[in-house]
Amino acid sequence: MSRPYVEIDNVAMRYGGVSGTLALQNCSMNVEQGEFIAVVGPSGCGKSTLMRLASGLWPATEGNVIVAGTEVDGPLPIVGMAFQNPTLLPWRRILSNVMLPLEVVPEHRKRLRKERPQYEAKARELLRLVGLEGFDAKFPYQLSGGMQQRSSLCRALVHDPALLMLDEPFSALDVFTREELWAVMQQVWMARKPTVILVTHDLREAVYLADRVLVMSARPGRIIAERRVDLPRPRTLDDTYSPEFQALTHDLRRYIAAARSGEEVVL
Ligand SMILES: Nc1ncnc2c1ncn2[C@@H]1O[C@H](COP(=O)(O)OP(=O)(O)OP(=O)(O)O)[C@@H](O)[C@H]1O
């Protein structure tokens, strides 16, 4: 059997020296190539910290992080990231914001000089895919919050990242826009099959999007439970009201309630 694409093995993460905050302890998880994982857990349990370690933005205090068979020891160029707030550069037009990773990732920077029209076409195609055709020349302030979030998803995807880290990317949006973007995200994932790690507080979102949902304990965070989601794809919003779907979210809710109160989770 081939080895997992992301291997997080018994990591600990302490911020601010020996007496600082212990965010993660004995935390292990594996993600297969092309798999869509959602990570849920109580507030402050270390979900964002886990993302930082997996993308090489912070070194783990203990334990190993291996991506694509190589120990992670710095920011990974193969990662695309999207966060709760769109973080677009206000002085750049939307197309130019979306193309930013191509200027930063060395492998693309060289090619961008020679093949700018092809790269621009790709960025435009992504904007079309998320329903932003015709908005490429606008500035971020001319777009709604949901549209900015769509643009930041395009930016996370433009360099075809093998690994996509999504840290609550839809949580600042109203429920209708959020649900619309779930469908967009599912479509993008089905078309390109990156390996995805999504952090979310929304259990419907986790079950709608993921192949597997991992539940974290209260801080110091570690993975205490996992549920596989075998519902066929593409999943629809109607599916989220099916008994199977609701049973899954109900189970996850129980795990999180137990994790919050520090009880042992019985699987
Ligand atoms: N840069 C930092 N310096 C010091 N402590 C930090 C830092 N980042 C996070 N922490 C602490 O680590 C713990 C875990 O934080 P983290 O943001 O990873 O949790 P989270 O599960 O993503 O939180 P939330 O669900 O509220 O978004 C928290 O106690 C937090 O205060």
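Figure 1. Helices are DSSP runs of H or I with at least four residues, strands are runs of E with at least two, and both are numbered from the N terminus. The model is predicted: local features need pLDDT of at least 70, side-chain atom pairs count only at pLDDT 80 or more, and totals for chains, interfaces and linings use all residues. Residues are numbered from 1 along each chain as its sequence is written.

**Figure 2. The buried side of helix 8.** L248, L252, Y255, I256 and A259 are buried in helix 8. They lie on the same side of helix 8 because they cover an arc of only 95 degrees around the axis (the arc of the directions from the helix axis to the C-beta atoms). The cover over the buried residues of helix 8 includes strand 3 (36-40), helix 7 (203-209), strand 9 (212-216) and strand 10 (223-228).

**Figure 3. Length and end of helix 8.** Helix 8 (residues 243-260) has 18 residues, which should span 26 Å at 1.5 Å a residue (the expected span is 1.5 Å times one less than the number of residues). The end C-alpha atoms of helix 8 are 25 Å apart, which agrees. After helix 8 comes G262, with a positive phi near 80 degrees.

**Figure 4. The setting of the close-ups.** The protein has eight helices and ten strands. Buried residues are 39% of its 267 residues.

Key:
A residue is buried if 20 or more other C-beta atoms lie within 10 Å of its own, exposed if 12 or fewer, and partly exposed in between; C-beta atoms are placed from the backbone. Two residues are in contact if their C-beta atoms, placed from the backbone, lie within 7 Å.
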